[in-house]
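Here is a short note for a colleague who is new to this entry. Please read the points with the model open.

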Amino acid sequence: MKSGDGRSMTIGELAGRFGLRTHVLRHWEAMGLLSPARRANGRRLYTEDDVTRVAMIVRGKAAGFGLERLRDMFEAPGPERRRELLRAQHAELERRIREIEESKRLIEHALDCPAEDFLRCPRFRRLLADLSAPKGLPTAQSG
């Protein structure tokens with residue numbers, strides 16, 4: 001299907017395009033995230049706008065958006081509210097990235113640790129102590 005060619009696709013075709021099961025699209029429709037432009041003979045027919053919407057949902061989910069928050073973004077009364085929701089999700093992604101980087105640093109140290117048992121390694125323990133310190137309090141240098 002070429003963009004703007006006026007053609008539509010069935011639920012199976014749309015689901016297949018994204019590697020989804022058709023029941024996923026039906027669920028998103030029930031939640032108000034999708035709304036097929038028209039129905040013919042009781043069948044859902046999707047347009048290129050629906051393809052764009054599904055792509056946004058798939059990427060939004062990958063970015064940690066819940067379906068309810070995605071619906072809030074789609075139904076927002078204006079662009080500023082959408083940006084507020086995006087800013088909040090961006091902050092959450094930044095937090096998750098920091099946590100993942102900290103976990104990666106621990107794993108890398110454990111893999112390369114010269115100690116016989118990394119669980120007994122003083123540097124590994126300092127890294128853990130830094131991660132488990134109450135937020136807002138200074139931590140030991142993990143040098």
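1. Cysteine 113 counts as buried at 13% relative accessibility, and cysteine 121 is buried at 7%. Buried means under 20% relative accessible area, exposed over 50%, and partly exposed in between (1.4 Å probe, protein chains only).

2. This is a predicted model: local features need pLDDT of at least 70, side-chain atom pairs count only at pLDDT 80 or more, and totals for chains, interfaces and linings use all residues. Residues are numbered from 1 along each chain as its sequence is written, and side-chain values use heavy atoms, without hydrogens and water.

3. Helix α5 covers residues 79-112, 34 residues in all. From first C-alpha to last it reaches 48 Å, close to the 50 Å expected at 1.5 Å a residue. Its buried residues are Leu85, Gln89, Leu106, His109 and Ala110. They pack against α4 (67-75) and α6 (122-132).

4. There are 7 salt bridges (Lys or Arg side-chain nitrogen within 4 Å of an Asp or Glu carboxyl oxygen). One of them joins arginine 81 and glutamate 84 at 3.1 Å, N to O. Both lie in α5, 3 residues apart.

5. Glu92, Arg95 and Glu99 are linked in a network of salt bridges. Glutamate 92 meets arginine 95 at 2.4 Å; glutamate 99 meets arginine 95 at 2.5 Å. Glutamate 99 is partly exposed, at 41%.

How values were computed:
Helix = DSSP H or I, 4+ residues; strand = E, 2+ residues; numbered from the N terminus. Expected span 1.5 Å × (residues − 1). Contact = heavy atoms within 4.5 Å.
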